Amino acid sequence: MTEEKYDSEKQDKSSEGLSRRDFVAMSVAAGFVVAAGSTSAAPMPVVETDVTIKTPDGTCDAAFIHPTTGSHPGVLIWADAFGLRPSMRDIGKRIAAEGYSVLVPNPFYRVAKAPVFDNPASFNFQNQADMAKLMPLMASINAPGSAEKDAVAYIEFLDAQSQVNKTRKIGTQGYCMGGPLVIKTAAVLSNRVGAGASFHGGGVVTDKPDSPHLLAPKIKARMYFGIASNDDQRQPDQKDKLKEAFAAAKIPTEIEVYPAKHGWCVPDMPAENGVPIYSRSDAERAWGKLVALYKLALV
């Protein structure tokens, strides 16, 4: 497997009192996760509940998923452009089974209740009617300040639940459209968020003055960026700008380019020219990185 890795800890071993040892530990732990399928001896049984959350802009429908017993670190999941649906709930249940209390909100609650798309696998990005439905949804969460307001409300919700251990840091992960929302969450709640992971994130680096990667100086969380091969081809300087921004901010960050295509982590992604986008082997490797990140950072 050909891949590219960047680690801001190479730039400054003393950053945040952390060393290269932490990076090695995370990589080794991720390897065990991939080999074993989980860091736990057995997945924890979980409970899934539909909840509503008051935000400054309305009421968000969401899934709250947590182990059946105990209090655990909280995790906020930002969905891709197809929003809250069974595949995102499954991702939430899987990370909850690792010992986390997880919130998976409907990012499009300002426009519609979830699920907005009954069958994402049938979506056609070249179809004007499909795109006409998608664009207003994405615009609702990408409007200036929307994600930040939502993130505060979501984490306040998590912190109000008995199943969330408020002495431990919060983790947040995002897919495609959710990638930049992870960065915004880590920046606006820097004292609460301990880890952020973006998988095939879209728009994490732009040429605009409000590009999400420029928020790095406001972040205190460990970060992970998994970049799709075709995204890297389209924007080859993205990984370099991420590396530069987070290294300058002295944020421990790992950046990798996967051989898979944009959307590879999500099983119900539409096929591209008849070829599946979802790549199980690469998705499992990314999952190992996520679990290792949370085990290391959510303390």
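How far apart in helix H6 do Arg234 and Asp231 lie? The two residues are three positions apart, about one turn of the helix. The structure is a predicted model, in which local features need pLDDT of at least 70 and side-chain atom pairs count only at pLDDT 80 or more, whereas totals for chains, interfaces and linings use all residues. Residues are numbered from 1 along each chain as its sequence is written, and side-chain values use heavy atoms, with hydrogens and water left out.

The side chains of Arg234 and Asp231 form a salt bridge, with N and O 2.4 Å apart. A salt bridge is counted where a side-chain nitrogen of Lys or Arg is within 4 Å of a carboxyl oxygen of Asp or Glu. Helices (H or I, at least four residues) and strands (E, at least two) are DSSP runs numbered from the N terminus. An α-helix has 3.6 residues a turn, so residues three or four places apart point the same way. Arg234 is exposed, at 58% relative accessible area, while Asp231 is buried, at 10%. Here buried means under 20% relative accessible area, exposed over 50%, and partly exposed in between (1.4 Å probe, protein chains only).

The count of salt bridges comes to 18. One of them joins Arg89 to Asp50, at 2.9 Å from N to O. Arg89 belongs to helix H2 (residues 86-96) and Asp50 to strand S2 (residues 46-55), so this pair ties together parts that are 39 residues apart in sequence. Asp50 is exposed, with a relative accessible area of 57%. Both residues belong to a network of salt bridges that links Glu48, Asp50, Arg89, Asp90 and Lys93.

A further salt bridge is formed by Glu272 and Lys261, whose closest N and O atoms are 2.7 Å apart. Both lie in the loop between strand S9 (253-257) and helix H8 (280-297), so the pair ties together parts that are 11 residues apart in sequence. Glu272 is partly exposed, at 31% relative accessibility, and Lys261 is also partly exposed, at 34%.

The largest pocket holds about 1,100 Å³ of space. On a 1 Å grid over the protein atoms alone, a pocket is an open set of points where a 1.4 Å probe fits, with protein on both sides within 12 Å along at least five of seven lines; lining residues have an atom within 4 Å of a point. Grid points are joined across faces, edges and corners, and the volume is the space filled by probe spheres set on the points. The lining comprises 40 residues, with Met138, Asn142, Met177, Gly202 and Gly203 nearest the centre of the pocket. Helices H3 (128-142), H5 (178-188) and H6 (229-234) are the elements that give two or more residues to this lining, and H3 gives the most, with four. By class, 20 lining residues are nonpolar, 11 polar and nine charged. Nonpolar covers Ala, Val, Leu, Ile, Met, Phe, Trp, Tyr, Cys and Pro; charged covers Asp, Glu, Lys and Arg; the others, Gly among them, count as polar.

Zero disulfides (pairs of cysteine sulfur atoms within 2.5 Å) are found in the whole structure. The sulfur of Cys265 lies 8.3 Å from the closest cysteine sulfur, that of Cys176, too far for a bond. Cys265 is buried, with a relative accessible area of 11%, and Cys60 is buried at 0%.
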